[in-house]
There are 2 protein chains.
Amino acid sequence: MDINILLFPDFETLDAFGPVEVLGRISDYALHFVSMDGGTVTSRQKTPIMTKPIDHTNASGILLIPGGQGTRPLVHDEDFIEKLKHAAEQATNCLTVCTGSALLARTGLLDGRKATSNKIAFDWVKNVNPAVHWVERARWVTDGKYYTSSGVSAGIDMTLGFIADQFGSDQASDIAHGIEYVWNNDKSNDPFASKK
Amino acid sequence: MDINILLFPDFETLDAFGPVEVLGRISDYALHFVSMDGGTVTSRQKTPIMTKPIDHTNASGILLIPGGQGTRPLVHDEDFIEKLKHAAEQATNCLTVCTGSALLARTGLLDGRKATSNKIAFDWVKNVNPAVHWVERARWVTDGKYYTSSGVSAGIDMTLGFIADQFGSDQASDIAHGIEYVWNNDKSNDPFASKK
C-alpha cells in the first residue's frame, strides 16, 4: 500500500512525522513524500524535505495531510484545493492532522461528515466550512474513509488508531511500545478540548 | 542560538522531529539540519532530508543526536565518531534520543557520567561503552551539558525538560499545550523501564 504524505510550505513538522513514525513501521506500507509540484518543501520548523510531484504517485493509496501555518493561505488557493480534492477522492483512506482538516474541508468532501481539528485554531477551521459537523471534544474522529485529528501530537494517537482499525489493536500497541509512547487510545478522550 | 540536528542514514524519524517540533517553537533558536558530508539523508522511515556538512555550522550551538538502526554500523565508524566527538566537545549542550546515546558514549565523553537510552536496545547500548553510568529507569537523564533520553517519543519529554531548564517550566508547558501533548515532565517516570 502506498502512503502519500502531502507536504506544503510551512507545514507543522510533527503533524507529518508523528504519523510517519507509526506508518513507517508497517512493512506493507511504502511511504512517499509528495507536494503539488515536487521539489524541496520546508516545514514551519525549517526542515527541508525532498518531495515528488503528487501526480507521479499512486493516488489510490493512503493520503496524509498535515496542518500548520501553511494551511492559512492554502484554503484560498483554488488550484491547490482542486488538486487536493482529486487526490482525496481517489485515496483509499485520507488522514488529516491539526488544521490539515481545514484543507480537506475546503474541498467539500467532509460536508455533512464528522471531523475535528486542533483546539487553538478551532474557530478558524469551523469558519472555513460550516457544512462539516465539527466535533470539538475529540482526540480524533473517523467518518467513512476519513480520519481527522486534533493538534500536532494527536496525529500520533490517530495514526495508531488507524493501524488498530486496519491490523488490530495488538499491532498498534506493539508500535506504541516500540516508540516508548503512552498511546491515548480513546478517541473521545481529549485533554485539550476545555483549554481552548 | 544555533541548533544543529545531526542526521545519518537510517536515523529514526521521530527521534529527530519530536525535538525539532519543540525546539522550532523557540524564536531565539535557528535550526540547521547537518550530516558529516552534507547532501540528502534518508531516515529509517524513508524521509529524505536535505543537510549541510557539519563543518559548515557553528559548532558552539546545541547538538541534537537522534538514534535508530543507523547507529549500529556507526559505532564502529572511527571517522564518524572522531568528528562527532569534536562537535560534541564544542557544543554548549548535547542532546541525544534513543540509541543516539550509544554514538555519544562511543566518543568517551560520557565516561563516568549518567546517561540513558531506549529500553529495547539497552543491553546493546551498555556494551558499546560500559564506562558510562547507564540509568535503566529514566525517561531522560541530565549530567552537565549532556541530556540523554529513552526511546523515540521520550525525546519530546526530554526536549521540553531542556526548554524548562533554559527558559522555565511555563515556557515548556506552553509549548506542550501548543502541540496538544501530555508532557511527562518527571524524568524519573519511565513507563517502559519494566517492559524491556
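The side chain of A:Asn184 reaches the backbone nitrogen of A:Asp186 at a distance of 3.2 Å in this structure, which is a predicted model. A:Asn184 belongs to the segment that follows α7 (169–178) of chain A, and its relative accessibility of 14% places it among the buried residues, because the limit for that class is under 20%. When residues up to four places away in sequence are set aside, A:Asn184 touches A:Arg139, A:Trp140, A:Asp157, A:Asn189 and A:Pro191.

One of these contacts, A:Asp157, is also a buried residue of helix α6(A). The buried residues are A:Ala154, A:Gly155, A:Ile156, A:Asp157, A:Met158, A:Thr159, A:Leu160, A:Gly161, A:Phe162, A:Ile163 and A:Ala164. Just after α6(A), A:Gly168 adopts a positive phi of about 100°.

A polar atom of the B:Ser117 side chain lies 3.0 Å from the backbone oxygen of B:Cys98.

B:Ala88, which is part of helix α3 (residues 78–90) of chain B, is buried with a relative accessible area of 0%. Apart from residues up to four places away in sequence, B:Ala88 touches B:Leu63, B:Cys94, B:Leu104, B:Leu109, B:Lys145 and B:Tyr146. The C-alpha atoms of B:Ala88 and B:Thr40 are 22 Å apart in space, with 48 residues of sequence separation between the two.

One cavity of 30 Å³ or more was counted, and the largest cavity has a volume of about 50 Å³. Its lining consists of A:Asn4, A:Ile54, A:Thr57, A:Ala59, A:Leu63, A:Ala87 and A:Ala91, of which five are nonpolar, two are polar and none is charged.

The largest pocket has a volume of about 400 Å³. It is lined by 23 residues, and those closest to its centre are A:Arg25, B:Glu12, B:Arg44, B:Gln45 and B:Gln69. At least two residues of this lining are supplied by each of β2 (30–35) of chain A and α2 (71–74) of chain B, and the lining of the largest pocket as a whole divides into eight nonpolar, nine polar and six charged residues.

The second largest pocket holds about 310 Å³ of space. Of the 14 residues that line the second largest pocket, A:Glu12, A:Gly68, A:Gln69, A:Asn118 and B:Arg25 are the closest to its centre, and the lining comprises four nonpolar, six polar and four charged residues.

Technical notes
Residues are numbered from 1 along each chain as its sequence is written. Chains are lettered from A and ligands numbered from 1 in the order in which they are written. This is a predicted model: local features need pLDDT of at least 70, side-chain atom pairs count only at pLDDT 80 or more; totals for chains, interfaces and linings use all residues. Side-chain values use heavy atoms; hydrogens and water are left out. On a 1 Å grid over the protein atoms alone, a cavity is a set of points where a 1.4 Å probe fits but cannot get out, and a pocket is an open set with protein on both sides within 12 Å along at least five of seven lines; lining residues have an atom within 4 Å of a point. Grid points are joined across faces, edges and corners, and a volume is the space filled by probe spheres set on the points. Ala, Val, Leu, Ile, Met, Phe, Trp, Tyr, Cys and Pro count as nonpolar, Asp, Glu, Lys and Arg as charged, and the others, Gly among them, as polar. Helices (H or I, at least four residues) and strands (E, at least two) are DSSP runs, numbered from the N terminus. Buried means under 20% relative accessible area, exposed over 50%, partly exposed in between (1.4 Å probe, protein chains only). A polar contact is a pair of N or O atoms within 3.5 Å; within protein, one must be able to donate a hydrogen and the other to accept it, and residues adjacent in sequence count only if both atoms are side-chain atoms. Contact means heavy atoms within 4.5 Å.
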